[in-house]
Amino acid sequence: LPSGFIDDYARWATRFGFPQERIEIEEKYGERGDGAQRLRRDEGEVVLLFESGWVDHLVERRIAFPILEGDRYDNHDEFAVVLTQRGPQGVYVVPHGRKVAYWLDVAWPVLAETPATLVQARVTVDSLSATTEPVHDVSAIFRVTFDEGSGTRALRTITRALAKWAAVEAIDDDEDTGRQIASFIANIFAAGTEVADTRSWTMLPDRIHIAQLRLPEGTHDVTVQILDARGRIGQTLEFDDVKVIGGSRTVLHHRSFR
C-alpha cells in the first residue's frame, strides 16, 4: 500500500472518531509521521497525479491446431474443446499410426507489453520535495481481465475457424471443377477473414502514481522532475504560481507517454 494512503487513512480515522482504527493502522504499519497529522490552518497540500507509459495491449498471432485423419465430430463446440486439449502446432505430438489431415489456422490474441522508461516523479518546492508512489497498476488489471476470459475466448476462436473450415470442406467434397475453384476461393476468403479480437485499453497509462507535498498557504513555483528506473531525470516541468489554500489540496497532473 502507498504510504500516502495509509497516512490519509490514519488522519481521517482520527478526524471522524475511530481511535481503534488508528491503533490498528499503527500496529500493522508502524507509527505514522507528519503525513498522518491533520493539516494546519495555514498549510495545504499539493498532490501530483502522474500517469506513466502505456497499458499492456493485445496483438495477433497465428496458431495452428491439428485435425487428424479419422476425426469425427457432430458439434463444433465439442470438437473445439478436443482441439484445445490437444494443443497447438509445436506443442502437440501426433499419436503413433495417425496423421494430421489439416492444420486449423486461427488468429489468436496475445498480450504484449510496452515497458515505460519514465516511471517516477519528484515534486520540489524550495527545499521541500516528495517522490511519487505507484497507486494503480492498470496493466496488471488488464492482464487479470484478459486471463479471466482465456477459456471461453479459446473455444470461441477455434469454433469460428471450424465453421469456416467445414464450409470449405463441404464445397471441396464435390468433384466438379467449378466447385473445386469455389473451394479454393472459399479457402482464401476464410484465411483472409480470420482476424483476432485485439481490442484493448489502448489509451490508458501503464501505471498511475501519486505524490503529496505539504506547503505553507500561498502561491508557489513547483518543479516536477520525471525520472527513469535508475533515478535519472528524463523530463523537467515547471508549474508557476500554484495556489495553495490552507486546509485544502491542490492537484497537479502530468501524463508521460515514454
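What follows is a look at surface charge and then at aromatic rings.

Keep in mind that this is a predicted model. Let's begin with the charges. If you want to know which element puts in the most, go to strand S9, residues 233-244, which supplies three residues of the patch. Aspartate 240 sits in that strand. With a relative accessible area of 55%, aspartate 240 is exposed, because anything over 50% gets that label.

Now for the rings. The model has six aromatic pairs, counting rings whose centres lie within 6.5 Å. One of them joins phenylalanine 5 and tyrosine 9, with 6.2 Å from centre to centre and 45° between the planes, a tilted arrangement. Both residues belong to helix H1, which covers residues 3-15, and they are four residues apart, about one turn of the helix. Phenylalanine 5 is partly exposed at 46% relative accessibility, and tyrosine 9 is partly exposed too, at 40%.

Then there's the pair of tyrosine 73 and phenylalanine 79. Their ring centres are 4.3 Å apart and the planes meet at 0°, so this pair counts as stacked; the cut-off for that label is under 30 degrees.

Key:
Residues are numbered from 1 along each chain as its sequence is written. This is a predicted model: local features need pLDDT of at least 70, side-chain atom pairs count only at pLDDT 80 or more; totals for chains, interfaces and linings use all residues. Side-chain values use heavy atoms; hydrogens and water are left out. Helices (H or I, at least four residues) and strands (E, at least two) are DSSP runs, numbered from the N terminus. Buried means under 20% relative accessible area, exposed over 50%, partly exposed in between (1.4 Å probe, protein chains only). Rings of Phe, Tyr and Trp (its six-membered ring) pair if their centres lie within 6.5 Å; planes under 30 degrees apart count as stacked, over 60 as edge-to-face and the rest as tilted.
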